[in-house]
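Below is a briefing on selected features of one model. The points are grouped by topic.

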Amino acid sequence: MKSDLENGTKEFLIQQVLLNPGRAASAKLQKELSYIARERVHRPVIYLGTATCGMVAGAGNTLEAIRAYIGENGLNAELVEVGCIGLCSAEPIMDIQLPGRSRLSFSHVTPDKVQVLLDEVINNHLPDVPVLGQYRSQIHQEWEGVPKMEDHPFFKNQQRMLLEHCGMINPVDITTYIARGGYCAFVDTITHHTPAQVCQLVDQSGLAGRGGGGYPAGKKWAITLGTVSDQRYFVCNAVESDPGSYMNRAIIESNPHRLLEAVLIASYATGATKAFVFIRKEFRLAIRRLREALEQTREYGLTGHHIFDSGVNIDIVIKEGARAFVCGEETALNNSIEGKRAMPASKPPFPAVRGLWNKPTSVNNVETLFNVPLILQNGPDWFASTGTERSKGTKLFTLSGKVRRSGTVEVPMGISFRDIIDRIGGGMNSDKAFKAIILGINSGSYIVEETLDTQVDFEALKNIGSALGSGAFVVVDEDTCMVDLARHFTAFFKKESCGKCIPCREGTARMLEIMESVTRRPGGGESLQPLERFKGVMQLRGLASVIKDTSLCSLGRSSPNAILNTLKHFKPEFDMHIFERKCPANVCRDLRVFSIDVDLCTGCTACYKKCPVDAIIGSPRNPHFIVQDKCIGCGTCYDVCKFNAVLIQ
Amino acid sequence: MTLESIFAKFPNRMREDLIPLLQMIQDEFGFLSEVTIRELGSFLNISVNKIYGVATFYDNFRFGPVGRYHIRLCHGTACHVAGASTILNELEKLLRIRSGETDKEGLFSLEVVSCLGACGLAPLVEINQEYHPALSLEAMKDIIQRLRNNEKLNYEVGS
Amino acid sequence: MRGKPGTTMDFNIQADNRQISVQEGETLLTALRRNGFKVPTLCHMNRFSPTGACRLCVVEVEGKRDLITSCSFPVEKGMRVLTNSPRVVRARKSLVELLLSNHPDDCLYCQRNGDCELQWLAGEMNVKERKYFGEKNRQFPDHSSSSVFRDPAKCVLCGRCVRMCEEVQLVTAIDFIGRGNVTSVNSAFLQGLNVSSCIHCGQCIMVCPTAALLDISHLEKVEAALNHPGKKVACFVSPSVVASVAEQTGSKVHKDLGAEVAATLEKCGAERVTDLGVACDANVAQEALVLRERMSSKESAGPVLSSCCPAWVSYLETFRPEWLPLLSGVSSPQQLMGAGVKSGSEKTAGKEEVFTVAVMPCVAKKQEASREEYTHKGVAGVDAVLTVREYFRLVRSHGLVPGEPGQAVKPFLQGSAAAWKMAYSGGKAEAVAAELYRLTGPHKQGFRFNTPKNQAARKESRVVMGRQTPGFAWVSGIAEADRYIGMLLNEKRKDIHYVEVMACPGGCAGGGGQPVSRHPDKIKNRKKICMEMERLCEVKVAGENPLAKHFQGS
């Protein structure tokens, strides 16, 4: 819902906020701003989380229901679509803010609950429905007996700096963003700092790349700035192709203005006059909101020529990327922007020196960038005060899998993985035992029971032979087969390999073959001997080390990680697959052992007719029998038996 | 929109316009045909072979029409752990096509994608841009049956 | 990439157990090779920027976690490089094994048996066993083109052909299609080469390390004709081929080189073998006439463009049809000869009995021979074209030794020095200039352009002939040709009247039908042989050759 951008408000914000950020604001000014920022409201405001996670959970229907309610009751209320607060497992989430009262938040708001909730709350009553919480407020009357959101176990242990406005504000309302301090850092920066100073400040803060690389952002910018050239570019990497991580998309859907502000600051710092936000075309909502936000920055003169009379020219272009995992690699990304196949290039030269169209180009991840306005606003020391000695700031994770609470979380560097699962995630979602945390396919790292107390920290993870990755955080329990997962990851790499270099192109195919021989049974009744499978696994290690040694890019280098880590942490499971042809988690379909219970079998011959390899023998009306040597474990007999006579071991 | 009106949006005819053009053409016509690729080659003065090479690199470009119901199944990590493999196997059996194909009647087409970004509600599919989260095998079968019978589904309004 | 000596900084780095001298800005590969280290490569091409695709050139560098591709990494002060550490040796071997895992196993039946870079690498890396037994990518061979045969199953995806076709020839008839393990080098929609924009120059064949790119074979046709009792095979051999045979066999230059080649063909069963040089002279003579005519006409749309290179003509037809009127329009020596032989034999026996075979340094000539305009009443002027490679295979399979001295029986060479000039870039322009000079000015023996020694960029020459000063230019490689002629027309230059264009860089000496060799001086050596043969010719200028008159008419 777009609020009306009257010229009055625009001028007011530009003059009073952007151009005079340091001036002590009068009480009157503060109050006026708080209305624009929606900290105070004149009439009831209903917020609904319509980021993708909300929509998938059914927020679209809830939206219709709210609109219908407002229409039917002639309600003088405002309906604002917001982003994602991060507790995706509680979506759809609806907030109601009455004038003078603190904001209430409700979870799992399906269309049928809308009437009840609104009926009660609009009339200042708390409904009988459980409340998610209320937002603490100094200025409003709080609701009795309603817990504070910040005390909710999910939010209590987070440190929400990047996520501070997500799920709270209208993502495509620049007035709200500015009233809450947005774009002040940018205007202040171009007015009072040189680009070199900005690089220095960011470097001092210790901000390191959050996409998985961990390279100091300020240093990269300084290299770009320092390379002599007539043209420089800046690229924001919003590809986020790591399956299992979606926080970049979520924060763009929730607060696109912050990304734009960060891109502007980074462009200024690196001397770039043109910036690209390369975002996957599939992120339809994020792109829509980003475009709308960008249009607003143009109206406010924050992008374009001679920004705020500073002589600075920065143009931002949103580039919708075609889909390939390898686009997340910076040189491949640059090639894709140029309209080519997204093949990585040799480094050196690094893009910071020679990137897009051979010009110096800094490429940064979305999460990394979200930190930038905060660093400029509050100073590098403030940023460095969070985190550990070597890893400063916070990290976003997308918690998913077998945890009770899932969604996007922001934790300070230094928190342990155990705390993330237990305190924030609420522990495992069933009685099954914890098995591992999968830190994304980019890194292929696992955190297992023994390493659960490791801190979220670049160095600490390196010490245990792991890497932080992009922020995917998938928790698995004993029902997940790690060998099958490793096979799945290897199949992913084979599919996503760009094909340029031999080790990755051919190596991933061979690794997949070996993994398939371990987790599957070939058709036709022939199966490899355990010794051959074992040889195959030995070959895996040699192959993996050559692939890591010689691959052109980090996709290739991390392709064997899943297998190597499974061998490292779950060797017994691996061995069981190879030698005993058993899958303890009962996931590898081909390795299941099927047998027929002679007491239950009626001899209907259904399974005998359907077996694709004729592994069942038996005559009509007599119990049937499965010949194990021929059985390929497809499970067809199990599917067709109407008498539950086929057993799986 | 005609092809000409799409071309008119890119008067500079730069190489960097290639992928946006391909995307716009596919959005409009549903897929990239040989004719449109040849026209594009003339427009941008780029070899058709190069354009085809670029288009075949990326997963989202199609060279044939999709079915009336285009099913995108998420096979990311969280979905895999939640049983997406089983759903995929079942879908392939039910529809008698593999990922990347369209069935003979032109009713269904199947595409496996790496991550739709709704990991908390795994496993899920997207059918014609509408999501169906937390799918069970039964629910998947039911959806296919209802689509075959031309029934309307209780869609979540997608983004 | 090296700077001029003396202007950049030299320093030393450590490679294995030696200190070697390197230049700032050059790659590790250049430095290592110059200092005598053997580093294997596959995707690397001289004078092309490195891509780092094959990873075979990896070396171990102290302080770097992974192995480094020497082709793309610049030398750095204080570098310590190990070129054959256990890690490096194992990596290179594994890479070759991986390539082999997706490559057909039929070396014994392969045309590049003994001459294949992958085969050589497998031997060098001491590959002794099959490591992988998985499925190989299934690809289908493409026989559609008249000149170039493709077998993607044997492709190692080094990318050399793609770069050659795109960067040197501006055609991009083939490109990488698909992604990952199923990538192939193909044309759009996997259609045959014959409907892509291929100009048949065959430069892709010249850079292919395996048998993924070969000639479309005419050997079967020729063998059949040679053995056919009712057919008489008339061969004509291009001087360029004679030079190549001499270069490959290491023969000393003497005036019977051509006769030796002819003798081998006769022993295979050819009825008559003639020197194409006569037709070359006819072609040059006619081009000079066309040039004189165009120069005297008031309106000139641009310079005369040579038209004997069929790949160049194909390029114009597909990409620059507006330049087609500038072509001289003279038939190529091959087609002049073919038409002449066929019409000559018409007067003797029935012409169906004569089977003409051209032995050329070119694969585009196969396409040219099949063009409709060179077929008269269903009979082609030239029935088959053999490349130098096919010549060697034909002759060896008959148990003969090409270039064996003392084989010459009859006198053979009938062309003038002009015919030898046509084998290398710049030679034809010189020959046409000499002929024009003969027509307009005093006779001169051994006409040579007056051009400065280092003429890397300057491939132009102006010759005063009477009251006019015609300008001649020569370019080879399509990119160079397109750029140069485009510049001439854009700037409306009136000082260049004739441009010799050869699609193959270096001219026919580097033609698509030549033996595939990575010897850096091969073109230079062939050119040298041609120039020595020129000196041995009695007739120096095309128009002076009385035999050339037999081939009048287009």
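A:Ser362 sits in strand E9 (residues 361-365) of chain A; helices (H or I, at least four residues) and strands (E, at least two) are DSSP runs numbered from the N terminus. At 0% relative accessibility, A:Ser362 counts as buried, where buried means under 20% relative accessible area, exposed over 50% and partly exposed in between, with a 1.4 Å probe and protein chains only. Apart from neighbours within four places in sequence, A:Ser362 is in contact with A:Lys220, A:Trp221, A:Thr224, A:Tyr233, A:Phe234, A:Val235 and A:Thr270, contact meaning heavy atoms within 4.5 Å.

This is a predicted model, in which local features need pLDDT of at least 70 and side-chain atom pairs count only at pLDDT 80 or more, while totals for chains, interfaces and linings use all residues. Residues are numbered from 1 along each chain as its sequence is written, chains are lettered from A and ligands numbered from 1 in the order in which they are written, and side-chain values use heavy atoms, with hydrogens and water left out.

**Loops and backbone of chain A**

- The loop between helix H14 (330-337) and E9 of chain A contains A:Pro348.
- The peptide bond from A:Lys347 to A:Pro348 is cis, and its omega is near 5°.
- A:Phe308 is a residue other than glycine with a positive phi, near 50°. A:Phe308 belongs to the loop between helix H13 (284-299) and strand E8 (315-321) of chain A, and is partly exposed at a relative accessible area of 21%.
- A:Arg621, also not a glycine, has a positive phi of about 65°. The loop between strand E16 (616-617) and strand E17 (625-626) of chain A holds A:Arg621, which counts as exposed at 71% relative accessibility.

- Chain A is divided into domain 1 (2-156), domain 2 (182-384), domain 3 (394-473), domain 4 (482-580) and domain 5 (592-648); domain bounds come from an automatic or database domain assignment.
- Between domain 1 and domain 3 of chain A, the C-alpha centres are 31 Å apart. Seven residues of domain 1 of chain A are in contact with eight residues of domain 3 of chain A.
- Helix H21 (residues 502-519) and helix H25 (residues 571-580) of chain A have axes that come within 8 Å and cross at roughly 75°. H21(A) is therefore roughly perpendicular to H25(A). Axes are lines fitted to C-alpha atoms, for helices over the stretch in contact, and angles run from 0 to 180 degrees between N-to-C directions. Angles under 35 degrees count as roughly parallel, over 145 as roughly antiparallel, 65 to 115 as roughly perpendicular and the rest as oblique.
- On the H21(A) side the contact involves A:Met515, A:Val518 and A:Thr519, which meet A:Phe574, A:His577 and A:Ile578 in H25(A). The contact of H21(A) with H25(A) has four nonpolar, two polar and no charged residues; Ala, Val, Leu, Ile, Met, Phe, Trp, Tyr, Cys and Pro count as nonpolar, Asp, Glu, Lys and Arg as charged, and the others, Gly among them, as polar.

**Chain B**

- Chain B has seven helices and four strands, in the sequence order α-α-α-α-β-α-α-β-β-β-α.
- The C-alpha trace of chain B spans about 50 × 30 × 30 Å along its principal axes, and buried residues make up 56% of its 159 residues.
- The domain assignment gives chain B domain 1 (3-57) and domain 2 (69-158), with C-alpha centres 30 Å apart.
- Helix H2 (residues 18-29) and helix H4 (residues 48-57) of chain B pack at an angle of about 70°, their axes being 11 Å apart. That makes H2(B) roughly perpendicular to H4(B).
- In this contact B:Leu18, B:Ile19 and B:Leu22 of H2(B) meet B:Ile51, B:Val54 and B:Ala55 of H4(B). The residues comprise six nonpolar, no polar and no charged.
- B:Ala122 and B:Pro123 are joined by a cis peptide bond with omega about -10°. B:Pro123 lies in the loop between strand E2 (108-113) and strand E3 (125-127) of chain B.

**Chain C**

- Chain C is divided into domain 1 (10-84), domain 2 (98-215) and domain 3 (218-554). The C-alpha centres of domain 1 and domain 3 of chain C are separated by 42 Å.
- Ten of the twelve residues of H8(C) are buried, so H8(C) is largely enclosed by the rest of the structure.
- C:Gly269 follows H8(C) and has a positive phi, near 120°.
- In H9(C), 15 of the 20 residues are buried, so this helix is largely enclosed by the rest of the structure.
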